[in-house]
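This report goes through the fold of a protein model and then turns to its aromatic ring pairs.

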Amino acid sequence: MKKNFILLFFFLFIGCSETLPPPSTQTINLIEKELSRWGDSDDASEARWPNYKVGYNKTEGNLYIQVAAQPLANDIAMNGYINIIKDIHSKYAKEYNLVGRVYQMGEQKKTCYVNGSKN
């Protein structure tokens with residue numbers, strides 16, 4: 001009996017947990033625009049990141065913001081890129097969990113995870 005009560009409580013608790021709808025297209029577009037602004041340059045070799053990707057994994061409930069750093073970017077620069085990703089998340093989509101990643105030459109170099117907040 002006690003086992004059934006615990007299972008019932010567990011399923012009721014999980015069923016009542018709040019899930020967010022995916023970020024709107026407008027939100028994704030704003031994030032992409034901000035990434036473009038930070039990474040852009042007239043000379044592609046001088047851009048902070050030549051490309052980036054923004055996505056939402058509905059199953060995990062995570063917003064992904066990924067940038068590809070230039071081959072010559074150093075550790076200090078990539079730490080700064082993670083901070084930029086966190087700032088953009090806070091500005092446009094702080095209610096979502098964030099997985100931020102910096103890649104260099106196809107290899108993941110830096111990562112961060114930020115819990116979403118309701119405030």
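The secondary structure of the protein comes to three helices and four strands, where helices (H or I, at least four residues) and strands (E, at least two) are DSSP runs numbered from the N terminus. Read from the N terminus on, the elements follow the order α-α-β-β-α-β-β. This is a predicted model, in which local features need pLDDT of at least 70 and side-chain atom pairs count only at pLDDT 80 or more, while totals for chains, interfaces and linings use all residues. Residues are numbered from 1 along each chain as its sequence is written, and side-chain values use heavy atoms, with hydrogens and water left out.

Of the 119 residues of the protein, 31% count as buried, that is, under 20% relative accessible area, with exposed meaning over 50% and partly exposed in between (1.4 Å probe, protein chains only).

Rings of Phe, Tyr and Trp (its six-membered ring) pair if their centres lie within 6.5 Å, and planes under 30 degrees apart count as stacked, over 60 as edge-to-face and the rest as tilted. By this rule the protein has two aromatic pairs.

| Pair | Centre distance | Plane angle |
|---|---|---|
| Trp49 and Tyr81 | 5.1 Å | 90° |
| Tyr56 and Tyr96 | 5.5 Å | 75° |

Trp49 lies in the loop between helix H2 (25–39) and strand S1 (51–57) and Tyr81 in helix H3 (residues 75–92), so this pair ties together parts 32 residues apart in sequence. Trp49 is buried at 2% relative accessibility, and Tyr81 is buried at 9%.

The other pair links Tyr56 in strand S1 with Tyr96 in the loop between H3 and strand S3 (97–104), 40 residues apart. Tyr56 is partly exposed at 23% relative accessible area, whereas Tyr96 is buried at 6%.
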